[in-house]
Amino acid sequence: MTPPSTSPIAIYPGLATKRVVITGGGSGIGEGLVTAFVEQGAEVHFLDLRDQSSDILAVGLDGEAGSRAIYHQCDLTNLEALKRTLTDIGDIDILVNNAANDDRHSLTDITPAYFDERIAVNLRHLIFASQAVAPGMARRGGGSIINMGSISWHLGQADLALYETSKAGIEGLTRALARELGSDAIRVNCVVPGNVKTPRQSRWYSEEDEAQIVAEQKLKVRIYPHHIASMVLFLASEGGAACTAHNYWVDAGWL
Ligand SMILES: NC(=O)c1ccc[n+]([C@@H]2O[C@H](COP(=O)([O-])OP(=O)(O)OC[C@H]3O[C@@H](n4cnc5c(N)ncnc54)[C@H](O)[C@@H]3O)[C@@H](O)[C@H]2O)c1
């Protein structure tokens, strides 16, 4: 297995003045995103439920000039709380709709209540967060919304029907919002990760499973959160100025 790279990610000077919101920034890929945007000098607000890991992350990123990573405790399935939090943060330039939950379930497990709960955690908040921040982005002259998709539904993986339904919907949502918001210079894209090595993923994948994934990928590497962050930074930055309405894959060539 290739160990995580410590090579520096590109610096995009334009990101230093940006105000960024990242959902699910308290762990996993989101933690990598928060760290990467702070390293660009951006003002980063991240929303999560996990107070302990989120507080540790915000404190760890505290710089001499004051923290540029601000944690907001917010359950994204509570739309009132989401709206209140985004209103408190004010106008922003970049929204990364990252949070999700990939709990396993079979078709027979799905009740109407479970359906609503899974869609709420994996799809609904992306729409309402985008709705809340779009007017402020327009006031600031434009913006970038980056939605986190998943390779899972492209592969047709087992026991993830509602997660995969949500992730398929996110790709459709990306196309629709890119059309609707493009005239306000708001770009909307979707990043599609392959299997990313995060603490939570070790719950689902053994070392043998990981080796199997690497065997199936064209590149014989594991993907880490900083690989996803590289793509997100590009799409958020001036480098991605002409990119909207599309999917950008970071899957080491698995599909
Ligand atoms: N890790 C992978 O292999 C992989 C693969 C494909 C796609 N993705 C996608 O990347 C994104 C990040 O995945 P990850 O692996 O880092 O997940 P993760 O579970 O490690 O982290 C998700 C974060 O979102 C937060 N969160 C979940 N529900 C929330 C809620 N209701 N309110 C507030 N915060 C909430 C969690 O507390 C956690 O900090 C997700 O959209 C996921 O679907 C991940």
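**Selected residues and the ligand site**

Ala 245 is buried, at a relative accessible area of 15%; buried here means under 20% relative accessible area, exposed over 50%, and partly exposed in between, with a 1.4 Å probe and protein chains only. Its place is the loop between helix 8 (225-236) and strand 7 (247-250), where helices (H or I, at least four residues) and strands (E, at least two) are DSSP runs numbered from the N terminus. The phi angle of Ala 245 is near 75°, a positive value in a residue other than glycine.

A word on the source of these values. This is a predicted model, in which local features need pLDDT of at least 70 and side-chain atom pairs count only at pLDDT 80 or more, while totals for chains, interfaces and linings use all residues. Residues are numbered from 1 along each chain as its sequence is written, and side-chain values use heavy atoms, with hydrogens and water left out.

A positive phi also occurs at Asp 159, a residue other than glycine, with a value near 65°. Asp 159 belongs to the loop between helix 5 (152-155) and helix 6. Is Asp 159 buried or partly exposed? Asp 159 is partly exposed, with a relative accessible area of 41%.

I turn now to the ligand. The space that the ligand takes up is the largest pocket. The pocket search runs on a 1 Å grid over the protein atoms alone: a cavity is a set of points where a 1.4 Å probe fits but cannot get out, a pocket is an open set with protein on both sides within 12 Å along at least five of seven lines, and lining residues have an atom within 4 Å of a point. A molecule sits in a cavity or pocket if more than half of its atoms lie within 2 Å of its grid points.

Which residues come nearest to the ligand? Of the 28 residues around the ligand, they are Ser 27, Asp 48, Asn 98, Tyr 163 and Val 196; a residue is near a molecule or strand if one of its heavy atoms lies within 4 Å of it. By class, the shell divides into 11 nonpolar, 12 polar and five charged residues, with Ala, Val, Leu, Ile, Met, Phe, Trp, Tyr, Cys and Pro counted as nonpolar, Asp, Glu, Lys and Arg as charged, and the others, Gly among them, as polar. Helix 1 (28-39) and helix 6 (161-181) each supply at least two residues of this shell.

Next, the polar contacts, each a pair of N or O atoms within 3.5 Å; within protein, one must be able to donate a hydrogen and the other to accept it, and residues adjacent in sequence count only if both atoms are side-chain atoms. A polar backbone atom of Ile 29 lies 2.7 Å from an oxygen atom of the ligand. In the side chain of Arg 50, an N or O atom is 3.0 Å from a ligand oxygen atom, and for the side chain of Lys 167 the corresponding distance is 2.8 Å. Taken alone, the ligand exposes 830 Å², of which the protein buries 93%; accessible areas come from the Shrake-Rupley method with a 1.4 Å probe, and for residues only the protein chains shown count as cover.

Let us consider the region around helix 1. Gly 26 lies in the loop between strand 1 (19-23) and helix 1, and Gly 26 is buried at 0% relative accessible area. Between Gly 26 and Tyr 71 there are 8.2 Å in space, C-alpha to C-alpha, although they are 45 residues apart in sequence. Thr 35 is in helix 1 and is partly exposed, with a relative accessible area of 22%. Thr 35 and Ala 69, 34 residues apart in sequence, have their C-alpha atoms 8.3 Å apart.

Finally, two further buried positions. Thr 85 sits in helix 3 (residues 79-89) and counts as buried at 11% relative accessibility. A polar atom of the Thr 85 side chain lies 2.7 Å from the backbone oxygen of Ala 81. Gln 217, in the loop between helix 7 (207-216) and helix 8, is buried with a relative accessible area of 1%.
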